[in-house]
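Please look over the sequence and structure before going on to the points below.

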Amino acid sequence: MADVPRETIQKVVGTRRLKEAMPKPAKGRIFVVANQKGGVGKTTTAVNIAAALSMGGLKVLVVDLDPQGNASTALGVEHKVSMGVYEVLMGSTQIKDVIQKCAGFPVLDCLPSNTSLAQAEINLVSMVARESRLKDALNEIKDNYDYIFIDCPPSLGLLTVNAFSAATEVLIPIQCEYYALEGLSQLLETYKIVKQRLNSELTLSTIVLTMFDSRTRLANDVVANVRSHFPRELIDIPIPRAVRLSEAPSYSQTVMTYDPSSTGAIAYMQVAREIAERGKAFDSNVVRIDHKLLNKTGDIA
Ligand SMILES: Nc1ncnc2c1ncn2[C@@H]1O[C@H](COP(=O)(O)OP(=O)(O)OP(=O)(O)O)[C@@H](O)[C@H]1O
Ligand SMILES: [Mg+2]
């Protein structure tokens, strides 16, 4: 991300709220935002949906589980020197002591990442209950939130497994490009294993298409392909490729404060409302999905 001179970073003042509130979920929802493919829009999706739901009057927490710390940056929280999710996973601090508030929103909190998190994959290996350390920590505070989003790194290691174990739902962002579905079968396999062994409540409920360019045939083909495999999970509002979305993090902001009337902000707002509407009646026990495994080119394996 480009470094922006300090004087150009504008502090967010005031609190953003929507006129029309979004519905509260039947019970708290915890989303793991995962795709082991890098750069597909996981962080952009997690922080902007979280920000939009908060503007809709819901209580939201973002957990930055990526050592890159991009979600913490986008939410404008300090994450270079403070303790964060790493210390929580290691058991050296209490989760409630490291959660930070994000400026500009009614209730939008962040459990930040920091560079120490890069050691977590190694240090977790020898720990007791290594797959459920995040779940145990979130259990202490989850009742304070309507929505929790866990932003994963681009891998399927122990951090991502911790996120899958802690979540109630999986949200997969898929970039509208060639090989968009590459690696999806591996991700679905991980989901299936965690569901069987660690977290039977987990449901793949939501797929969001990102960086959509309606002018290209390829992007439209990807939409059609994903819709045919995941008709119920797909949110039928693709996020367009939009420059404001990529600029916002360099100002330590989500697009909801950086440029709320931009096409990217409007699209994420619509997606957030759709997620909230679905959540009114969401019950993971009654959602049953026939997950077809996809091969590299997106055909059914
Ligand atoms: N809809 C969009 N339009 C334009 N740029 C976008 C869009 N979505 C994301 N980007 C940009 O693409 C890059 C990758 O996005 P993002 O960081 O959200 O992906 P990621 O999956 O979290 O990446 P990583 O795997 O590294 O964690 C970023 O520079 C982001 O600003
Ligand atoms: Mg990311």
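A nonpolar core is a set of buried Ala, Val, Leu, Ile, Met, Phe, Trp, Tyr and Cys residues joined through C-beta atoms within 7 Å, where a residue is buried if 20 or more other C-beta atoms lie within 10 Å of its own, exposed if 12 or fewer, and partly exposed in between, with C-beta atoms placed from the backbone. This is a predicted model, in which local features need pLDDT of at least 70 and side-chain atom pairs count only at pLDDT 80 or more, while totals for chains, interfaces and linings use all residues. Residues are numbered from 1 along each chain as its sequence is written, and chains are lettered from A and ligands numbered from 1 in the order in which they are written.

**Nonpolar core**

- The largest nonpolar core has 91 residues, of which A50, I150 and A163 touch the most other members.
- Leaving aside residues up to four places away in sequence, A163 touches V32, A34, L65, L134, I150 and C152, a contact being a pair of C-beta atoms, placed from the backbone, within 7 Å.

**Sheet**

- An open sheet of mixed pairing is formed by 7 strands in the order 3-4-2-5-1-6-7, where strands (E, at least two residues) and helices (H or I, at least four) are DSSP runs numbered from the N terminus, and two strands pair if DSSP finds at least two bridges between them.
- Its edge strands, each pairing on one side only, are strand 3 (100–101) and strand 7 (203–210).
- Strand 7 runs parallel to strand 6 (residues 169–175), to which 7 bridges join it, and I174 has L209 of strand 7 as its bridge partner.

**Strand 2**

- All 5 of the 5 residues of strand 2 (residues 60–64) are buried, so this strand is largely enclosed by the rest of the structure.
- Both of its faces are covered, with V60, V62 and D64 buried on one side and L61 and V63 buried on the other.
- Strand 2 is joined by 4 bridges to strand 4 (residues 108–111), the two running parallel, and it pairs with strand 5 (residues 147–151) in the parallel sense over 5 bridges.
- V60 has L108 as its bridge partner in strand 4 and stands opposite Y147 in strand 5.

**Shell around ligand 1**

- Ligand 1 is surrounded by 20 residues, the closest being K42, T43, T44, P154 and S246, where a residue is near if its C-beta atom, placed from the backbone, lies within 6 Å.
- Helix 1 (42–55) and helix 9 (243–247) each supply at least two residues of this shell, and the largest share, 3 residues, comes from helix 1.
- By class, the shell has 7 nonpolar, 10 polar and 3 charged residues, with Ala, Val, Leu, Ile, Met, Phe, Trp, Tyr, Cys and Pro counted as nonpolar, Asp, Glu, Lys and Arg as charged, and the others, Gly among them, as polar.

Definitions and conventions
Two residues are in contact if their C-beta atoms, placed from the backbone, lie within 7 Å.
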